[in-house]
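Work through the exercises below with the sequence and the model at hand. Each task is followed by a solution in steps.

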Amino acid sequence: MRLYLYLKRKVYLVGPEFSKDYKKFQKLGIDIIGISKDDVESHKKFCKKMSIPYILLADTTTKVSKLFGVWGKKKFMGREYMGINRSTFLVNENGKIFKVFEKVKAKGHSKEVLEAYASVE
């Protein structure tokens, strides 16, 4: 089982929440993989600073983000720009996505994902 998180790394809420529940995910056999547009070096610094125990992948070209459909137009304070729409994907052992969380809010999301997984089991 894999869990893919599409992160806006500059926002420090999602990472620590999943780190706090990391052992719960491990116990269920769920690998957590975070993905963002940031480069490998910035991921290393972020993981060290925030004590992130799971893998963070660098998608600097946005190729993977586009394949998952999370790269797109965003609006903030009247300004439009391209960016990652924070999303989470639960993927089974066969590589099939069976649950998608869109427009994720950081607070409570780790618990939300654990509950969704439990309801599928």
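**Exercise 1: the ends of α3**

Task: state which residue caps the N-terminal end of α3 and which residue follows the helix.

Solution. 
Step 1. The cap at the N-terminal end is Asp-39, with a side-chain oxygen 3.3 Å from the backbone nitrogen of Glu-41.
Step 2. Ser-51 follows α3, in the loop between α3 and β3.
Step 3. Ser-51 is not a glycine, yet its phi is positive, at about 55 degrees.
Step 4. Most residues other than glycine have a negative phi.
Step 5. Ser-51 counts as exposed because its relative accessibility is 55%, and the cut-off for exposed is over 50%.

**Exercise 2: another positive phi**

Task: locate Met-77 and decide whether Met-77 counts as buried or exposed.

Solution. 
Step 1. Met-77 is in the loop between β4 (71–76) and β5 (79–84).
Step 2. Its phi is positive, about 55 degrees, although Met-77 is not a glycine.
Step 3. Met-77 has a relative accessibility of 75%, and therefore counts as exposed.

**Exercise 3: the largest nonpolar core**

Task: name the core residues that touch the most other members, then the element that gives the most to this core.

Solution. 
Step 1. The largest nonpolar core has 17 residues, of which Phe-18, Phe-25, Ile-32, Tyr-54, Phe-101 and Val-113 touch the most other members.
Step 2. Two or more residues come from each of α2 (22–27), α3 (40–50) and α5 (109–120).
Step 3. With four residues, α5 gives the most to this core.
Step 4. In soluble globular proteins, nonpolar side chains tend to be buried together.

**Exercise 4: from Phe-101 to Thr-88**

Task: list what Phe-101 touches, leaving out residues up to four places away in sequence, and find the polar contact of the Thr-88 side chain with another side chain.

Solution. 
Step 1. Phe-101 touches Arg-86, Ser-87, Thr-88, Leu-90, His-109, Glu-112, Val-113 and Ala-116.
Step 2. Of these, Thr-88 belongs to strand β6 (residues 87–91).
Step 3. Thr-88 counts as buried because its relative accessibility is 1%, where the cut-off is under 20%.
Step 4. The Thr-88 side chain makes a polar contact with the side chain of His-109, at 2.6 Å.

**Exercise 5: the whole chain and its confidence**

Task: give the order of the elements and say where pLDDT stays under 50.

Solution. 
Step 1. The protein has five helices and seven strands, which run β-α-α-β-α-β-α-β-β-β-β-α from the N terminus on.
Step 2. Of its 121 residues, 43% count as buried.
Step 3. Mean pLDDT is 85, and 88% of the residues reach 70 or more.
Step 4. Over residues 9–13 pLDDT stays under 50; the model has twelve contacts for them beyond four places in sequence.
Step 5. Where pLDDT is low, predicted coordinates should not be read in detail.

Note on methods
Residues are numbered from 1 along each chain as its sequence is written. This is a predicted model: local features need pLDDT of at least 70, side-chain atom pairs count only at pLDDT 80 or more; totals for chains, interfaces and linings use all residues. Side-chain values use heavy atoms; hydrogens and water are left out. pLDDT is the predictor's confidence in each residue, from 0 to 100. Contact means heavy atoms within 4.5 Å. A nonpolar core is a set of buried Ala, Val, Leu, Ile, Met, Phe, Trp, Tyr and Cys residues joined through side-chain atoms within 4.5 Å. Buried means under 20% relative accessible area, exposed over 50%, partly exposed in between (1.4 Å probe, protein chains only). A polar contact is a pair of N or O atoms within 3.5 Å; within protein, one must be able to donate a hydrogen and the other to accept it, and residues adjacent in sequence count only if both atoms are side-chain atoms.
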